[in-house]
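Hi,

Here is the structure I promised to pass on to you. Have a look at it first, then read my notes below.

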Amino acid sequence: MGKAKVYFDRTETNCIKGVMLIFMFILHFFCYQSYFCEKVSYPQLAFMEQYIGHLQICIAGFAFLTGYFYYYTKSKTYKYSLNKIFDLYIPYWVVLLFLLAIALITGTYSFSFPGSLLEVFAVSSEIMCFCWYIIFYVLLMLALPITIKLFSKNMVVLFIVSLLVPMVIYYGVSYFTSAEVIISLLGKFQIYYPIAIIGYVSSRVDLFSRIDSILKNKIIIIFMSFVLVIVVFMQPSWLYSFGHDNIILQMIRKIIRIFSIPFFIYGLINIFRIFDNKKWLTVFDKIGKYSMTMWFVHCMFFNCSKEILQPVLYLPRYPVLVVIWGLSLCFILSVPLQMLSGVLRKKIKTFRTQ
């Protein structure tokens with residue numbers, strides 16, 4: 001039996017990424033009062049802190065997509081993984097140089113060792129302040145080939161391994177060291193690696209088509225899609241409201257959170273499909289297409305140059321307009337930067353194959 005077809009097309013994939021990026025921007029723009037510089041103040045939005053856990057679903061969404069599409073990769077080798085890692089670093093370096101130039105021109109950055117060197121690899125984050133996911137992605141792409149090779153014959157074993165091994169490593173390393181960089185990274189890895197694996201499993205078992213076959217009726221599918229998106233998005237409100245110190249409940253909550261992500265993605269896709277005319281999805285499609293570069297670029301409003309650049313972001317004052325304005329600014333900057341990244345990627349690949 002051949003592999004099932006990908007459940008969603010490129011436009012729908014971009015739309016998912018677009019929604020996730022918008023969540024990320026809202027999260028960073030308004031959910032952390034400590035992120036504001038002296039010239040920016042939104043005390044009336046202090047309540048947004050309670051939605052941090054909700055909006056962090058954007059990270060889970062990107063991790064899920066990585067695992068989902070990894071299943072369809074023909075060659076699950078370290079050569080493939082290293083190519084993907086390199087493909088991520090190229091636009092990262094392009095944006096890093098761009099934001100570094102701005103920081104140097106505005107006098108908001110000074111080179112230091114080893115900080116400046118570590119930032120080249122996304123370990124330090126004075127300029128690229130929201131890019132910890134890069135190192136997570138590196139670990140993810142290094143872990144996937146061996147994990148899939150050893151355990152993919154049994155989906156239950158695959159999930160258990162992906163859940164428990166990163167946790168054991170995290171708590172084991174935490175016992176011997178308090179190094180913030182290492183502990184923080186391993187902490188995030190043990191949260192999001194199982195979600196990437198659930199993405200892989202969802203592809204392997206053709207989960208979304210199976211759900212369709214169960215629901216059958218289009219109206220029921222649309223109704224359930226809205227329910228799933230709302231329920232999963234609102235999870236932190238009810239899922240984490242009790243038993244904070246109970247280790248068993250903590251594990252149950254974690255498993256529920258992991259298993260719910262596919263249903264959130266499924267719901268989003270079918271909400272998009274309400275619009276028969278894809279032109280209605282153009283905004284989400286375009287944002288999704290440039291989501292990675294926009295993610296890198298928006299660091300400029302919160303990094304070492306934020307005292308100068310952040311007031312520009314909040315010029316519209318009203319939160320909805322600030323989000324639209326921020327998306328617009330990052331999109332405009334991302335188009336040429338992503339084009340440059342594409343050219344460099346092709347040049348480097350051509351050089352490497354000679």
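To get you started: where is the place of Asp206? Asp206 sits in the loop between H8 and helix H9 (207-215). Keep in mind as you look around that this is a predicted model. The mean pLDDT of the protein is 93, and 97% of its residues reach 70 or more. Confidence is lowest in helix H11 (residues 235-239), with a mean of 83, and highest in helix H14 (residues 291-297), at 98.

Most residues other than glycine have a negative phi, and most peptide bonds are trans.

You'll find Arg317 in the loop between helix H15 (306-313) and helix H16 (319-353). Is Arg317 buried or exposed? Its relative accessible area is 62%, so Arg317 is exposed, the cut-off being over 50%.

The peptide bond from Phe113 to Pro114 is cis, with omega near 10°. Pro114 belongs to the loop between helix H4 (78-105) and helix H5 (115-120).

Next, helix H3, which covers residues 57-70. How many of the 14 residues of H3 are buried? The count is 13, so H3 is largely enclosed by the rest of the structure. You can check the length of H3 as well: at 1.5 Å a residue, its 14 residues should span 20 Å, and the end C-alpha atoms are 20 Å apart, so the two agree. (The expected span is 1.5 Å times one less than the number of residues.)

Last, the second largest pocket, which has a volume of about 320 Å³. Two elements give two or more residues to its lining: helix H6 (132-151) and helix H8 (180-204). Which of the elements gives the most to this lining? That is H8, with 5 residues. Among the lining residues are Trp132, Ile135, Glu180, Val181, Ser184, Leu185 and Lys188, and others to look for include Ala122, Val123, Cys129 and Cys131. By type, the lining divides into 8 nonpolar, 2 polar and 2 charged residues.

Conventions. Residues numbered from 1 in each chain as written. Predicted model: local features only at pLDDT ≥ 70, side-chain atom pairs only at ≥ 80, totals over all residues. Heavy atoms only, no water. 1 Å grid on protein atoms, 1.4 Å probe; cavity = no way out; pocket = protein on both sides within 12 Å on 5 of 7 lines; lining within 4 Å. Points joined across faces, edges and corners; volume = space filled by probe spheres on them. Helix = DSSP H or I, 4+ residues; strand = E, 2+ residues; numbered from the N terminus. Nonpolar A, V, L, I, M, F, W, Y, C, P; charged D, E, K, R; others polar. Buried < 20%, exposed > 50% of the residue type's maximum accessible area, 1.4 Å probe, protein only. pLDDT = per-residue confidence, 0-100.
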